[in-house]
Each structure stands twice: as structure tokens, then as C-alpha cells.
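Some labels in a structural description rest on a value and a cut-off.

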Amino acid sequence: MAKKSTSAPFASVPLEESSSTPLYYQVYQRLRAAILLGQLSPGTRLPSTRQMANDLGVSRNTMMSAFDQLIAEGYVEGRVGSGTFVSPTLPEELLEARLKTRPILQIQTNPRSLSARGQAIGKTSVTVAGPAGRLRPFIPGIPALDQFPMSLWSRLVARRWRDESRGLLNYGPAAGHPPLREAIAAYLGPSRGVQCKPDQIVIVSGTQQALDLSARVLLDPGDSVLVEEYCYSAARAALIGAGARLVPIKVDDAGLDISTPAASSSNARVAYVTPSHQYPLGTTMSASRRFALLDWAARNDAWILEDDYDSEFRYISRPVGALQGMDAHDRVIYMGTFSKALFPALRVGYIVVPPALWNNFVQSRFAFDLFTPTLYQRALAEFLKQGHFARHLRRMRSAYLERRDALLRGLALHCRDQVQVHNSDAGLHVAVLLREGLDDHDVATRLGRRGVAALTLSSSFVGPTPKQGLLLGFGCAEPERLLEATRILGDVLRESA
Ligand SMILES: Cc1ncc(COP(=O)(O)O)c(C=O)c1O
């Protein structure tokens, strides 16, 4: 039986009569979007052209032209004597158009019904990882999920669940599970040079929440925040979402230079930095730049958000200590995550907060999201305390070194003269610059068609004239797949010549 007809989803926003897009085409776009987004499900009978023309305030001819277009493209079909129906089966290429349709709907959202922050965040281009499947080589930021000790982890989780099941059902402390905070403090001191006690640590659901929380506690709408140019796009989105005005500061081989005029004239209250492994270029902030930045914060009553996202993996020199450990004035809010060292779906990270801010952070943690799920916090505390974390890191360092070397070998073999490797000393990706004349979006699209994923360097740029390059993740693919992916990259770059 045919489903009940409706015109509601596409009739609620008025059409734009003054637009250069013809009215029939606007109607067609609305209906097509409603079908692809599932608001009009397959088999639904559409209202008559007369009724829809009435609902939308257009002529019947306009309505019929829109219907003709939809029928021609296979979105709807007419059945003699019984009306027009959404096609029962949408061909795959139409379903693929779903994603492309979303922006149409966004444009139709009445901007006046959104806050200024809501509108600003809608314009940020945050990359959303797709559903789990076979991970494509070069996806940046994904660790070696194939190497994670699944059965050990499952045993720990099952044991926690069995032994403490009732206790796990209740609300938990906003600052996090105390033994996990102790274990993190014990790890951060010797391995990252962070000076902290467990009661300075707040457990959060990853760096993304740490940024959101920090922005809400420290910033008022319109406040300026210094960000590195280039900068992690999700961090930008979180800061913009808090109403911040971003002031990009160029990064060179020694990191962000706080003495640049843009920084000194900005009146910024916060600086967001990645000193150990600049995202995305991979450089390390020099000691003199670090001291200058700390000095700036102390003199200007400003805060530094230190994102130490993948500092566990360094291949060339000894690990570089955290900025937080050099801070004599308690101006640094240090953020770490288990997303890279373990796996991103864990959604556990931590903030080390200066004692004076502790109450505000914990109260805010409670106000926005209460606490991080207890089961995983407890399993993770055991994982750290029993030495599994340290063992896993050791194993992963050598696995990543092998993967990184395979990537560099492949680049030298297949992409010589086509790319310039920016820095490969640490982390889980390598940034490469493309030779003059190449467009990184175009290259990334071509790679995507050949089963290889890469993030464009230009998408991490805030200002108007980005360099063209790619971020090549080597964490999640085996050496042979990385080698093969560099061969494909070489082909794509030559074809784009
Ligand atoms: C610069 C940077 N910071 C932090 C993260 C980790 O974020 P989260 O802990 O929210 O998974 C990433 C992930 O790619 C990143 O690139």
C-alpha cells in the first residue's frame, strides 16, 4: 500500500522569488533533497501538483516542470490514474548524491534562526571520519588499530563489568575516576615532563572536549585567540563555536613566533599551540620560542592551550618535554588524549589544569556533560597500572617507525621531484608540499577515486593563500599498503601535470 502523501518538509521555508535560480528548479531541489535525506521515503505518494503548488505558492506549471525533472532523473515515478510516487528503489548513484545534497539544505536553513556562533561553526570544514571499514592508507590521525591488543582489553573491560557492575551504573565524579587520574599523573611526569598532581587532572572525552571546555571557561564571545597557521581544523571549529575570533600566526621551523606584530597587537586572551609536534607541519617549537610564549602569557594575563596530541611517538631525537613543565606562572592548560596512543573511539583524554582554575573546570565539566563513562575509565586505569600501556607504546613506536620508513621510501621511489617532505621526526603523519601548479583538493579527489585517502594541507589554513600539500597518515596501514599508496600518489601527481 502506498504511504500517506505529505508536502510538509519541503514547504516550510519560503522559496526565493528574487533568486537567479528559477522557481521550478528551487522546487525540484527541495523535493530531491527531501527524498535523498529520507524525509520522503521510497513509495510515498506525493500530493497532487495542484495541492503542492498551493502549499508552495507557485503556479501549477512551475510545479509540473519540477515534477518532470524529478521523473526524468528517476527520483519519482508517475502511475497512470493513481498519482506520483517516490521511486521505490533509488539507484546507488542517487544515494551517493545524498552527501552532495546536504549543503543545499544548509543553505535553505533560515540564518536568522541560528545564533552567530551556530552560523560560524556551520562554515567550518571539519572532517568527519566515515564508518569503520577497511581503513584506507594515508588517512591522517588514525593509529594502528590492527595492532591494538583487543583480547587483553576485552578481558579488562569484562572483568571490571563483572566485579563492579552495580557501582558502574551510577553517576561518576565530574573530574574523573581517581585511580585513572593518579595513573595519568604518574605517566605524565617522567614521560612528558609535565608537573602535576592527580588533583589537577580532569578526565574528558578527548581533546575535542578539552578544547570546548577550556574555551567556555576562559573566553567570552568576541575574544581573540592566537592559533598557529596552519592549524588543526577541529580545534578551530571548537574555538569558533565558543564565539572566539581567531588570529592566525605564521609557524616556521621553530614554531609559533609570539613576537610577530599580529600577535602583539591582538589583545588575545588565549593561544592554542601544538609545541611538541606542530599540527599539521610537524615542527617542534624551539626553547627560545617556548620561553617567549610563556613570558607573553604571564605578562598579558593570558592562557596557553597546549595540545600534546601525539607526543608519544618520536623517531629521531629524544622526546621533547611539554611546555607545561617549563611554566613557572601557571599559565598553561595541558591537553592529552588516548586517541592516538590507543584508539580514538575510546574517547578518553585529560586536561592538566593550573590549581587556581581547578574548580571552574570541574564545575564546567559537570555542567556540560557530567562525566566520562566509568567503565572505560576503570579499564583504562588498570591498563596503565598493570604496565600494558607502556608495553603497547614501546611496541607501537617500532611499528610506526617501520611504517614511516616505508612511506618515506615510497615517496623517494615514486614521487621524487613531485613532493617535498616537510618533517617526519614524530607523530603519525607526514606533511608534504606539492610542486607549483598543483591543487591539493584536486589531487586528494583523484586519490580518493583510486582508494587512497589524504587530507589536504590547505584545509588546515586559516588565511587566504595556503600552500598546496597533503597530510599522509602512516599510522593505520601496513608498510606494503603504504608503498603501494605512494605508487598511486606518484601516478596521480604525474597525471595532474
Ligand atoms: C592536533 C590534534 N589534536 C588532538 C587530536 C585528538 O583529538 P581527540 O582526542 O578529540 O580524538 C587530533 C586528532 O587528529 C589532532 O590532530
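**Labels and their grounds**

Q: Which residue of S12 stands opposite Val-421?
A: In this predicted model, Val-421 faces Val-432 in S12.

Q: How do you know that S11 and strand S12 pair?
A: A pair needs at least two bridges. Four bridges join S11 to strand S12 (residues 429-434), so the two strands count as paired. They run antiparallel.

Q: What makes strand S11 and strand S13 edge strands?
A: The open sheet has four strands in the order S11-S12-S14-S13, with antiparallel pairing. Strand S11 (419-423) and strand S13 (455-456) each pair on one side only.

Q: Where does helix H16 lie, and at what angle to S14 does it run?
A: Helix H16 (residues 440-449) lies across S12, S13 and strand S14 (469-473). The angle between helix H16 and S14 is about 40°.

Q: Why is the pair of Tyr-171 and Phe-371 called edge-to-face?
A: The model has 15 aromatic pairs. For Tyr-171 and Phe-371, the ring centres are 6.2 Å apart, which is within the 6.5 Å limit, so the rings pair. Their planes stand at 70°, over the 60 degrees required, so the pair is edge-to-face.

Q: Which parts of the chain does this pair link?
A: Tyr-171 is in the loop between helix H7 (150-163) and helix H8 (178-192). Phe-371 is in the loop between helix H13 (358-369) and helix H14 (374-385). The two residues are 200 residues apart.

Q: Why is Tyr-171 called exposed?
A: Its relative accessible area is 65%, and exposed means over 50%, so Tyr-171 is exposed.

Q: Is Phe-371 buried or exposed, and why?
A: Phe-371 has 18% relative accessibility, and buried means under 20%, so Phe-371 counts as buried.

Q: What makes Tyr-187 and Phe-389 an edge-to-face pair?
A: Their ring centres are 5.2 Å apart, within 6.5 Å, and their planes are at 85°, over 60 degrees, so the pair is edge-to-face. Tyr-187 lies in helix H8 and Phe-389 in helix H15 (residues 388-414), so the pair ties together parts 202 residues apart in sequence. Both residues are buried.

Q: How do you know that the charged end of Arg-331 is over the ring of Trp-303?
A: The distance from the charged end of Arg-331 to the centre of the Trp-303 ring is 3.9 Å, and the limit is 6 Å. Arg-216 likewise lies over the face of Phe-368, at 4.0 Å from the ring centre.

Definitions and conventions: Residues are numbered from 1 along each chain as its sequence is written. This is a predicted model: local features need pLDDT of at least 70, side-chain atom pairs count only at pLDDT 80 or more; totals for chains, interfaces and linings use all residues. Side-chain values use heavy atoms; hydrogens and water are left out. Contact means heavy atoms within 4.5 Å. Axes are lines fitted to C-alpha atoms, for helices over the stretch in contact, and angles run from 0 to 180 degrees between N-to-C directions. Rings of Phe, Tyr and Trp (its six-membered ring) pair if their centres lie within 6.5 Å; planes under 30 degrees apart count as stacked, over 60 as edge-to-face and the rest as tilted. Buried means under 20% relative accessible area, exposed over 50%, partly exposed in between (1.4 Å probe, protein chains only). A charge sits over a ring if NZ of Lys or CZ of Arg is within 6 Å of the ring centre and within 35 degrees of the ring normal.
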